[in-house]
Every structure is written in structure tokens, then in C-alpha cells.
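This report walks through one protein model, from the overall layout to single residues. Have the sequence and the 3D view open while reading.

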Amino acid sequence: MPEPWMNPEWKPPASVPTSIVFVHGAIVNGWEMALLRRRLRQLGYHVRQFKYQSMLKGLDDNVGRLRDFIRETPGEVIHVVGHSMGGVLLRHAFEQSPDPRPGRLLVIGAPLLDCWVGHRFLRLHTHLGRYMIGRTVLDHISRTNDPVWRGARDFGVLAGTYPFGVGAIFKSLPFPSDGVVILAETRLQGLRDHLTIRLNHFGMLFSKRCCMQVARFLAAGTFTQVTSSEKLEAMVDSRPATSPVLR
């Protein structure tokens, strides 16, 4: 049985060189996106991982480096997929100085409007909190973020609703969330499409269902909408103690 993301209709045209730039989140370095990269490479994409220092470098510095990396990426079509703070970086990059080549933008579990968890760590201890979240996140939460997408590209958002992650150590973590990012923080206006999925913050990167949605959006500009019963399940206020099944 073929994997769900291997739909022939979602493959990039063989005659059009098409690349995907992946942008990881804060603190990590891109290893967590390896499976997603491999799966989309199997579909026929050329893939590249952008790496940046979220702890030592500020937001503007990393946005500039991302723009340079995208410009150096070969291909006639350039898609960009960002996880967590990587989604924030690609948003700024394509609002400020977009690459002229066609392509779509997709973010997974990205705190586009704010970062409650970042603010909460700062409340624990200002100096220690700054060290724990790093300069990129600190810059993000220190600014007023425009609630509207101002770029020209199709922009899609996948948001998790399974509250299992570092944010769950705070009993006051707002619901719903993916355990790190609150659903409300993903609700950027002007999007092409937005879909909630019953997975946690990192679980989305390993999920076959999530990969299918990524492949679909990059090819068609829309997600495959879930059934009404699945939507209802995603909004049930439960705090499971174990990690979600990655499927």
C-alpha cells in the first residue's frame, strides 16, 4: 500500500526543478525535520535544510540569513516549510524581501502572533528566562506582531491541538495548544488555508497524516479537510499524560 503522501497528483512536475527549503524551530538544529525531508524527497522534491542560531542571533539577523539561503537555493519553484519559530522567520523573510520565483509557504506549529510559553519563561526569572528562550524568541515576543499576512504567496498553517510539550509544565497553559504553541497564536489573517490536527508540537513532524497535508498544500494550495467528527475530537479539552500516536 503506498504511503499517503505519495499521491502522484502531488508530485512536482519532472520538467520543472522544484526545491523545498526547511526551516527548523528555536533551540533545535533541524535533525527533527529529517524524516519529513526524506518523505518529501521521495515525492520528487529537492530539499535543503536552513540552520540558524536561535540562542545567540537575533530575529532580524536570522531572517536576513534565511533570505540569502533561499536566494542561493537552485530551482525554478521554491517552497518553504517552517516549524515553530522557523515559521516566524519565513513569514518575515517573504514579507520584507520575497524571492521572485513562484512557490508556497507552509508553517507547522508556528507562533506567528506571539509566544505565550516564551513570556511565561521570562516571568519565572527574567535573566534565566532570557537565556532559556534565546535571542530570536526574545526579539519575537518583544515586538507587536502584525495579525495580517502581507505577503503575496499562498500561506498555509498546520496547528496541533494535542497539549503535550514543554509548555504543559505550566498549569495555566491556555487551551487549545500543541503543548508549546497556542492555537490562537497560529491564527494569522490572510492565509490561504489553516488546518488543526490532533498532534503535539514535535509529533507533527513525524506524522504520516501531517506529511500528507504538507504534500497536498505544496501541490494544490489547500489542505485535505478533516471530517466534522475529527474536528470535534480535536477541540475536546483533555490533558493526556502520554505522547500522541504518530499516524
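## Terms and model

Buried means under 20% relative accessible area, exposed means over 50%, and partly exposed lies in between (1.4 Å probe, protein chains only). The model is predicted: local features need pLDDT of at least 70, side-chain atom pairs count only at pLDDT 80 or more, and totals for chains, interfaces and linings use all residues. Residues are numbered from 1 along each chain as its sequence is written, and side-chain values use heavy atoms, with hydrogens and water left out.

## Overall layout

The protein has eight helices and six strands. Helices (H or I, at least four residues) and strands (E, at least two) are DSSP runs, numbered from the N terminus. Read from the N terminus, the elements run β-α-β-α-β-α-β-α-α-β-β-α-α-α.

Of the 247 residues, 53% are buried. Contact means heavy atoms within 4.5 Å. Take the contacts between residues at least 6 apart in sequence: 78% of them join residues at least 24 apart.

Two strands pair if DSSP finds at least two bridges between them. Strand S1 (residues 18–23) is joined to S2 by five bridges, and the two run parallel. Within this pairing, Ile20 stands opposite Val47.

## Helices across the strands

Which loop holds Tyr45? Tyr45 sits between H1 and S2. With 5% relative accessibility, Tyr45 counts as buried.

Leaving out residues up to four places away in sequence, Tyr45 touches Trp10, Pro12, Thr18, Ile20, Leu40, His79, Leu218 and Ala219. Ile20 among them is the residue opposite Val47 in S2. Tyr45 and Pro13 are 32 residues apart in sequence, and their C-alpha atoms are 9.5 Å apart.

## Aromatic rings

A pair of aromatic rings is described by the distance of the centres and the angle of the planes. Rings of Phe, Tyr and Trp (its six-membered ring) pair if their centres lie within 6.5 Å; planes under 30 degrees apart are stacked, over 60 edge-to-face, and the rest tilted. The structure holds six such pairs. In one of them, the rings of Phe50 and Tyr52 have centres 5.8 Å apart and planes at 15 degrees, so the pair is stacked.

Both Phe50 and Tyr52 are buried. Arg48 lies over the face of Phe69, at 3.9 Å from the ring centre. The criterion is NZ of Lys or CZ of Arg within 6 Å of the ring centre and within 35 degrees of the ring normal.

## Backbone points to check

Which peptide bond is cis? The bond joining Phe175 and Pro176 is, with omega of about -5 degrees. Pro176 belongs to the loop between strand S5 (155–160) and S6.

Ile27 has a positive phi, near 75 degrees, and is not a glycine. Ile27 lies in the loop between S1 and H1 and counts as exposed at 59% relative accessibility. Ser84 also has a positive phi, about 55 degrees. Ser84 is in the loop between S3 and helix H3 (85–96). At 10% relative accessibility, Ser84 counts as buried.

## Cysteines

A disulfide is a covalent bond between the sulfur atoms of two cysteines. The search takes pairs of cysteine sulfur atoms within 2.5 Å. Across the whole structure, zero disulfides are found.

Cys210 is in no disulfide. For Cys211, the closest cysteine sulfur is that of Cys210, 7.6 Å away, which is too far for a bond. Cys210 is buried, with a relative accessible area of 1%. Cys211 is buried too, with a relative accessible area of 1%.
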